[in-house]
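Welcome! Open the viewer, get your selection tool ready, and let us walk through this structure one stop at a time.

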Amino acid sequence: MESVLRIEGLHKSFDDLHVLKGIDLNIEKGDIVAIIGSSGSGKSTLLRCINFLEMPSKGRIYFKNKLIGNEIKKKNRKPQIKYKESQLCKVRTHIGMVFQQFNLFPHMTAIENVMEGLKSVLKIDKSTAKKKAKEKLEMVGMMEKADIYPSRLSGGQQQRVAIARSLAMDPEVMLFDEATSALDPELVGEVLKTMEDLSSTGMTMLIVTHEIEFAYTVSNHVIFIHEGIIHEQGTPKEIFSNPKRQRTKEFLAGFRHFEN
Amino acid sequence: MGAYNWDFLIVFQNLDVLAKGLLLTFKIAASSLVTGLIIGLVLGGMRLSKKKLLSFPAAVFVEIFRNTPALVQIMWFFYALPILLNLQVSPFMAAFLSLTMNNAAFSAEIYKAGINSIEKGQWEAGKALGMNFLKLMQRVILPQAIKRTIPAFTNRSVELTRMTSLASTIAYGELMYQGRLLSEYLYRPIEIFTTVALIYFIILYTGTIFSGLLEKRLSRSD
């Protein structure tokens, strides 16, 4: 299979706090990877490093088998990777990101939000951008609200527009950073439904989530992150029905209480 | 009190002198407002930069102009600058430069506060779409920041218009200077300065009311 993202030895520290302690991961086209773990385990940081909203402290990230950044080798020193802003901007256009807080642009209507990246980054002309934006809004079921400003939309509706905004860029992979955590419980379903629909289109997805059931049914690979490393990984069945390691069992037990 | 014989007729007969001054008041106010806003945006951007090489000089500039009286600044640009640069500086140029710099310094702080008030998520959303710094500023950050700072900027332009009267001290022919000329010529300072005050009041009060209305309108659309 064709590799979309490959991560090698990824570390991230914030001053003294060592959050990611060596992550290796290969994501192939069409993979739907659920990333689970308790708060502070580093799962959001991992996602944010992948599109360089956080700069990795160490390690390599390959996008379609091409190293992001330039490796600089000096004598007697470990090779270092330098990142150029223009290269990062380019890579980010291929990696969609959906945030916990939606982060729609409040001064633009729903459809303007979806058109923005097309117009100002991809330089697509207005009418083509509009056509494409309509298509994506239709896909997330938000076409009737196209001309509404975000402040007049519910959280679930805002998140669906945010998903359409990312999709419009035709990304190779979509990152979801706790996309439903900020929503009122009754609004979670519509966003999960949208994500599920997306998964059936063959989109490659990395999903940081607390929705264990959703991870179980939608993903084909589950990663449990604990204290900055991949503690256990496998198919949903392996991880949820038959976890091998103690810490994974304890983490999942916290959710089991609520199941029948 | 009753001994004074008010005579406004003579002022009205010479109203064209004041009108000429008013025109120059508008000219100096508008030109230093617009130029100052542009320079202020650059300065504000420099202030926000993580690079010391950019932020430090901008901070020095801003603090100098915020912490010296505008009158001193005008005097300095009129008397000291020509000697330093060895060139002629007209009263308009001296007033224009000092008021522009003064306005730029205060505007830089307004921009800075406005930009800082935009949530981190907005920056991240723009970045995640692949926007570079300039696009992000132009399309996402500034439209929101400017909307939030419009009330502060309208106050700033009222303040700046009031400050232009200081240019009369270096013989720039704006409203205050024309008033002084006229009063020396007609020996009617009381009537003349009453009229001058009234003209200033009408302009500035209109500006203040306008700024209040704008503020109300902007807060409603949020």
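A residue is called buried when its relative accessible area is under 20%, exposed when that value is over 50%, and partly exposed in between. Please keep in mind that you are looking at a predicted model.

**Stop 1: a residue in chain A**

Select A:Leu5, which you will find in strand 1 of chain A, residues 3-14. Is A:Leu5 buried or exposed? Its relative accessible area is 0%, so A:Leu5 counts as buried. Now show what surrounds this residue. Beyond the neighbours within four places in sequence, A:Leu5 is in contact with several residues, including A:Leu25, A:Ile27, A:Ile50, A:Phe63, A:Ile95 and A:Val173.

**Stop 2: a charged pair in chain A**

Side chains of opposite charge can pair when their charged atoms come close. For an example, select A:Glu178 and A:Lys43, whose side chains meet in a salt bridge with an N to O distance of 3.8 Å. A:Glu178 sits in the loop between strand 9 (173-177) and helix 6 (185-199), while A:Lys43 belongs to helix 1 (residues 43-50), so this pair ties together parts of chain A that are 135 residues apart in sequence. Both partners are buried: A:Glu178 has a relative accessible area of 12%, and A:Lys43 has one of 4%.

**Stop 3: where the chains meet**

Show chain A and chain B together. The contact takes 23 residues from chain A and 17 residues from chain B. On the chain A side, highlight A:Arg92, A:Phe105 and A:His107, which lose the most area to chain B and together make up 26% of what that side buries. The area buried between the two chains is about 1700 Å², and carbon and sulfur atoms give 61% of it. How many salt bridges does the rule find across this interface? There are two. To see a salt bridge between the chains, select A:Glu116 and B:Arg139, where N and O lie 2.7 Å apart.

**Stop 4: chain B as a whole**

The C-alpha atoms of chain B fill a box of roughly 75 × 50 × 25 Å along the principal axes. Of its 222 residues, 43% count as buried.

**Stop 5: a network of charges in chain B**

Select B:Arg47, B:Glu63, B:Arg66, B:Glu109 and B:Lys112, which are linked in a network of salt bridges. Begin with B:Arg47 and B:Glu63, whose closest N and O atoms are 3.9 Å apart. B:Arg47 lies in helix 2 (residues 15-48) and B:Glu63 in helix 3 (residues 52-66), so you can follow this link between parts of chain B that are 16 residues apart. B:Arg47 is buried at 19% relative accessibility, whereas B:Glu63 is partly exposed at 30%.

Then move to B:Lys112 and B:Glu109, a salt bridge with its closest N and O atoms 4.0 Å apart. Why are these two residues separated by about one helical turn? The reason is that they are three residues apart in helix 5 (residues 91-116) of chain B. Here B:Lys112 is partly exposed at 23% relative accessibility, and B:Glu109 is buried at 17%.

**Last view**

Bring both chains back on screen. Over all chains, the count comes to 20 salt bridges.

Notes:
Residues are numbered from 1 along each chain as its sequence is written. Chains are lettered from A and ligands numbered from 1 in the order in which they are written. This is a predicted model: local features need pLDDT of at least 70, side-chain atom pairs count only at pLDDT 80 or more; totals for chains, interfaces and linings use all residues. Side-chain values use heavy atoms; hydrogens and water are left out. Buried means under 20% relative accessible area, exposed over 50%, partly exposed in between (1.4 Å probe, protein chains only). Contact means heavy atoms within 4.5 Å. Buried area is the accessible area (1.4 Å probe) that two parts lose on being put together, summed over both. Helices (H or I, at least four residues) and strands (E, at least two) are DSSP runs, numbered from the N terminus.
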